[in-house]
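Hello,

Here is the structure for you to look through. My notes follow below it.

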Amino acid sequence: MSVQDDTDLPGGWEAMAAEYVLGLLSEDERAAFEAQMEADPELEQDVAAWAEYFASFTDPLQEQAPPPQLWRRIEAQALGREKRQPLWRMLWPYIGGAVVGAAVTWAVYTSGMLTDQTEPHLYADLVAQEQGLVLLAHWAPDSETFMLRRDVGSFPTQASYEIWVIPAPDAAPVSVGLMTEAGLTQIPVPNALIPIMQPGATVAISEEPLGGSPTGAPTGPVLATGPLSIRS
């Protein structure tokens, strides 16, 4: 560029041109930039180039008819009743609309709203032969619920069965909750525990005193274990 890059912004006037097109400048910055653009045709070309770049994001958008005031302005210029305006001023209503549309599209895309972020459900089979228990553990990430289905076996009356998840072989067991008397136990998982619900983590069932482990770690015998895995 021919202009001395004496702005405080990284990249100088060229970077400021991009922010000008996106409408990110303050009123004072915009006035200073427009004054500089009046004196430097190359800066006006930078604005047009940025506008074309951002507007390309909206190519799939349906075309809109130009507003009536544009035709009145063209007629006034053709008849000499209005001072000629720079090209970027004439196109600004369209450039601005296209840029806003492009910015919204970019924000939606980068936020992940248009991408499939569904995580897989995980399952683990658990069998406690001595107790006659056959269980199916199920982690449902969409509802953030851990479920334990008791297919075979009875519920203890003088003890509690506590559910643990061991995220790695050298990690400490983390309590998920207690198995309920109902055939299907459903436990909402707090946000802090969601990261440990991963394929390969081990689900374990231990026998504990009524109300669960008093120490925060398994104290009774571990009845059954099984790894969480994805099933088709």
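pLDDT is the predictor's confidence in each residue, on a scale from 0 to 100. This is a predicted model, in which local features need a pLDDT of at least 70 and side-chain atom pairs count only at pLDDT 80 or more, while totals for chains, interfaces and linings use all residues. Residues are numbered from 1 along each chain as its sequence is written, and side-chain values use heavy atoms, with hydrogens and water left out.

The average pLDDT of the chain is 79, and 71% of the residues score at least 70. Residues 1–10 have a pLDDT below 50; beyond near neighbours in sequence, this stretch makes 22 contacts in the model (heavy atoms within 4.5 Å). Where pLDDT is low, the predicted coordinates should not be read in detail.

Helices (DSSP runs of H or I, at least four residues) and strands (runs of E, at least two) are numbered from the N terminus. Helix 2 covers residues 27–39. Its buried residues (under 20% relative accessible area, 1.4 Å probe, protein chains only) are Phe33, Glu34 and Met37. They lie on the same side of helix 2, because they cover an arc of only 100° around the axis, taken from the directions from the helix axis to the C-beta atoms. The face turned away from that side carries Asp28 and Ala39, which are exposed (over 50%).

There is also an open sheet of five strands, in the order 6-3-2-1-9, with antiparallel pairing. Two strands pair if DSSP finds at least two bridges between them. Strand 6 (184–188) and strand 9 (229–230) are the edge strands, each pairing on one side only. Strand 2 (residues 133–140) and strand 3 (residues 145–152) run antiparallel and are joined by seven bridges. Leucine 135 has arginine 150 in strand 3 as its bridge partner.

Regards

Notes: The expected span of a helix is 1.5 Å times one less than its number of residues.
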